[in-house]
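Here is a short briefing on one protein model. Look at the structure first, then read the points below.

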Amino acid sequence: PKFVLGVERRKQPKKWSAIMMMTTGLQCYLPLLYVLSLQCFVLYTLWQHVVKGGIAATAIHTCRTNYLIRLACLHIFIARAFYDMGQSLNYLGWLVLLPTTSEHKELRRTADGRMDPTWGFTERHKWVNFWVVCVPKMGVGFLLFLVGVSFIALSDNDTDLIIDTLAITFVLDIDHTVFQLCISNRIKCDLGAYLGPISDRTES
């Protein structure tokens, strides 16, 4: 889609082209806002639980779960949280390395299969993606990491510890679930067909 990815499509009349660009943009950005709102709501709920649970844990001066099980669950969650934050940093690197153009260029591949080096995002489009995609996703991911560690550590028993670990890990997967549900197959195909590694896109 030209608005979000600059993907080359068959030429359309200007009126229909503008409608398609707007529709594609909404289809990409609205699910993102929906995901962020869900994660923020869950984050707030977890924070309330952590505050109350932290007060209770301080009162009895002990954690109520087995040390080894707690260590294993924290390791699983921290690894998953770091993976999620790493994806956000990869996207930020993708924006930085992507060529900056004066106007949106259609995404094409050359005869040898490489990305056309003239393709890129405008500076304004890059900043929009930085503030709308990168900053909220990294911020929510970092806060979920901080709250999630406390939430898992304050579990009441070993069974709740495992269930809480699965629950907080599920929150990190909401974006993938919404992507599969809300994004059309056409856009998914375009993403798979056109977007290669960063180095492939930036080679001249």
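**Salt bridges and a helix**

Asp84, Lys137 and Asp175 are linked in a network of salt bridges. A salt bridge is a side-chain nitrogen of Lys or Arg within 4 Å of a carboxyl oxygen of Asp or Glu. This is a predicted model, where local features need pLDDT of at least 70, side-chain atom pairs count only at pLDDT 80 or more, and totals for chains, interfaces and linings use all residues. Residues are numbered from 1 along each chain as its sequence is written, and side-chain values use heavy atoms, leaving out hydrogens and water.

**Salt bridges**
- The whole structure holds three salt bridges.
- Lysine 137 pairs with aspartate 84, with the closest N and O atoms 3.6 Å apart.
- That pair links helix α3 (residues 123-153) to helix α2, 53 residues apart.
- Lysine 137 also meets aspartate 175, at 3.0 Å from N to O.
- Aspartate 173 and arginine 80 form a salt bridge at 2.3 Å, N to O.

**Burial**
- Aspartate 84 is buried, at 5% relative accessibility (buried means under 20% relative accessible area, exposed over 50%, partly exposed in between, with a 1.4 Å probe and protein chains only).
- Aspartate 175 is partly exposed, at 23%.

**Helix α4**
- Helices are DSSP runs (H or I, at least four residues), numbered from the N terminus.
- Helix α4 covers residues 158-172.
- Its buried residues include Leu161, Ile168 and Leu172.
- Thr159, Leu166 and Phe170 are exposed on the other side of α4.

**Confidence**
- The protein averages a pLDDT of 75 (the predictor's confidence in each residue, from 0 to 100).

Methods: Helices (H or I, at least four residues) and strands (E, at least two) are DSSP runs, numbered from the N terminus. The expected span of a helix is 1.5 Å times one less than its number of residues.
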